[in-house]
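Here are my notes for your first pass through this model. Keep the sequence and the 3D view open side by side. Take the points in order.

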Amino acid sequence: MHTSIMGRTFDPLALLRPADRLRLLNTDDTHLLGLVLVMNRSPRYRNRLDAVGLVAAILHQRRTADPAHQHGH
């Protein structure tokens, strides 16, 4: 899922280090937003992450890849 900002397409996952991306992709849905908020406050990201867009992109990716995941299973 990409976010369109002023006609430009932006992938919120693109700002993440590969290790952080993998960690988020492996985090349970119920803890995902909290982990994104913690990462966003870290010196590495300094509140530059779009927390809502990032969580939405990860959830969309999960549901697209695994139809059984559509209901939070």
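1. **Ground rules.** Helices (H or I, at least four residues) and strands (E, at least two) are DSSP runs, numbered from the N terminus. The protein chain has three helices and two strands. Along the sequence they follow the pattern β-β-α-α-α. This is a predicted model: local features need pLDDT of at least 70, side-chain atom pairs count only at pLDDT 80 or more, and totals for chains, interfaces and linings use all residues. Residues are numbered from 1 along each chain as its sequence is written, and side-chain values use heavy atoms, with hydrogens and water left out.

2. **The chain as a whole.** The protein chain has 73 residues, and 29% of them are buried. Buried means under 20% relative accessible area, exposed over 50%, and partly exposed in between (1.4 Å probe, protein chains only). Contact means heavy atoms within 4.5 Å. Take the contacts in the protein chain with a separation of 6 or more: residues 24 or more positions apart account for 49% of them.

3. **Helix 1 against helix 2.** Helix 1 covers residues 18-25. Its axis and that of helix 2 are 10 Å apart, and the two helices pack at an angle of about 160°. Axes are lines fitted to C-alpha atoms, for helices over the stretch in contact, and angles run from 0 to 180 degrees between N-to-C directions. The angle makes helix 1 roughly antiparallel to helix 2. (Angles under 35 degrees count as roughly parallel, over 145 as roughly antiparallel, 65 to 115 as roughly perpendicular and the rest as oblique.) The crossing of helix 1 and helix 2 is right-handed. A crossing is left-handed if the near helix is turned anticlockwise from the far one by less than a right angle, and right-handed if clockwise.

4. **Who meets whom there.** From helix 1 come Asp20, Arg23 and Leu24; from helix 2 come Leu32, Leu35, Val36 and Met39. By class, this contact of helix 1 with helix 2 has five nonpolar, no polar and two charged residues. Ala, Val, Leu, Ile, Met, Phe, Trp, Tyr, Cys and Pro count as nonpolar, Asp, Glu, Lys and Arg as charged, and the others, Gly among them, as polar.

5. **Helix 2 against helix 3.** Helix 2 spans 29-41 and helix 3 spans 51-65. They pack at an angle of about 145°, with their axes 9 Å apart. Helix 2 passes helix 3 in a right-handed crossing. On the helix 2 side are Asp29, Leu32, Leu33, Val36 and Leu37; on the helix 3 side are Ala51, Leu54, Val55, Ile58, Leu59, Arg62 and Arg63. The residues of this contact divide into nine nonpolar, no polar and three charged.

6. **Thr27.** Is Thr27 buried or exposed? Thr27 is buried, because its relative accessible area is 13%. Thr27 lies in the loop between helix 1 and helix 2. A polar atom of the Thr27 side chain lies 2.6 Å from the backbone oxygen of Arg23. Not counting residues up to four places away in sequence, Thr27 touches Leu32, Leu35 and Arg62.

7. **Arg21.** Arg21 is in helix 1. With a relative accessible area of 26%, Arg21 is partly exposed. The Arg21 side chain reaches the backbone oxygen of Leu16 at 3.1 Å. Arg21 and Ile58 are 37 residues apart in sequence, and 9.3 Å apart in space, C-alpha to C-alpha.

8. Asn40 is in helix 2. It counts as buried, at 7% relative accessibility. A polar atom of the Asn40 side chain lies 2.9 Å from the backbone nitrogen of Leu49. Leaving aside neighbours within four places in sequence, Asn40 is in contact with Tyr45, Arg46, Asn47, Arg48 and Leu49.

9. **Two positive phi values.** Arg46 lies in the loop between helix 2 and helix 3, and Asn47 is found in that loop too. Arg46 is not a glycine, yet has a positive phi of about 40°. Phi of Asn47, a residue other than glycine, is positive and near 60°. Arg46 is exposed at 57% relative accessible area, and Asn47 is exposed at 56%.

How values were computed
Polar contact = N/O pair within 3.5 Å; in protein donor to acceptor, adjacent residues only side chain to side chain.
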